[in-house]
Amino acid sequence: MTSFELSQLKLTGYFPGVIGKITQEHGIYYYENWGFDISFETQVGRELSEFLMEVQEDRDVFCVAIVAGEFAGSIAIDGRNLSKEGSRLRWFIVAPKFHGRGIGGMLLRKSIKFCKEAGYKRIYLWTFKGLESARYLYEKEGFRLCKTHEVRQWGQDIEEQMFELNL
């Protein structure tokens, strides 16, 4: 990012319309790049909506990056199943216009910091093979690949991957 863009970077939480923006970014990106069908977009919108209705500031994180008034990315830590599974990293996306500018790493580090300060022992996430830029960020922050399996979902055959970070 240029210093001008950095000065215009703002982190926020929920605001009216953000569910639609995050769902739209996921829907378009994963359709254009991976051919995901409507079931993916509707799952993102439904599960994100459910999460935001139950979010608790001491348990969860919901963070949106805005650059010069424009949606740039999002990330969440979902602690609803903390006692059984650990905290789950979700809805991590950076709008293509902002790729390669450090926003993804910043959002990821902010989420990890929250988990450490909250005393969480584990963060995990589900993704799929092929998202190499995201995988690079995960591994740079200490996540390791711990499970893989083939699955047919979202209209595609994919190799689903689980990454985890023990804190």
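Arg59 is placed in the loop between helix 3 and strand 2, where helices (H or I, at least four residues) and strands (E, at least two) are DSSP runs numbered from the N terminus. The model is predicted, and local features need pLDDT of at least 70, side-chain atom pairs count only at pLDDT 80 or more, and totals for chains, interfaces and linings use all residues. Residues are numbered from 1 along each chain as its sequence is written, and side-chain values use heavy atoms, with hydrogens and water left out.

**Arg59**

- Arg59 has a relative accessible area of 18% and is therefore buried, a word that stands for under 20% relative accessible area, with exposed over 50% and partly exposed in between (1.4 Å probe, protein chains only).
- The side chains of Arg59 and Asp60 make a polar contact at 2.8 Å; such a contact is a pair of N or O atoms within 3.5 Å, where within protein one must be able to donate a hydrogen and the other to accept it, and residues adjacent in sequence count only if both atoms are side-chain atoms.
- Leaving aside residues up to four places away in sequence, Arg59 touches Glu54, Gly79, Arg80, Phe114 and Tyr120, a contact being heavy atoms within 4.5 Å.

**Aromatic pairs**

- Searching the whole structure gives 14 aromatic pairs, in which rings of Phe, Tyr and Trp (its six-membered ring) have centres within 6.5 Å, and planes under 30 degrees apart count as stacked, over 60 as edge-to-face and the rest as tilted.
- The ring centres of Phe36 and Phe128 are 5.2 Å apart and their planes stand at 50°, so this pair is tilted.
- This pair links distant parts of the chain, with Phe36 in the loop between helix 2 (18–34) and helix 3 (38–54) and Phe128 in strand 5 (residues 122–128), 92 residues apart.
- Phe36 is buried at a relative accessible area of 3%, and Phe128 also counts as buried, at 5%.
- Phe40 and Trp154 form an edge-to-face pair, 4.9 Å from centre to centre with 75° between the planes.
- Because Phe40 lies in helix 3 and Trp154 in the loop between strand 6 (144–153) and strand 7 (156–166), the pair ties together parts that are 114 residues apart in sequence.
- One aromatic cluster is formed by Tyr29, Tyr30, Trp34, Phe36, Phe40, Phe128 and Trp154.

**Nonpolar core**

- The largest nonpolar core has 47 residues, and Phe62, Leu89 and Phe143 have the most contacts inside it; such a core is a set of buried Ala, Val, Leu, Ile, Met, Phe, Trp, Tyr and Cys residues joined through side-chain atoms within 4.5 Å.
- Strand 2 (residues 61–67) gives the most to this core, with seven residues.
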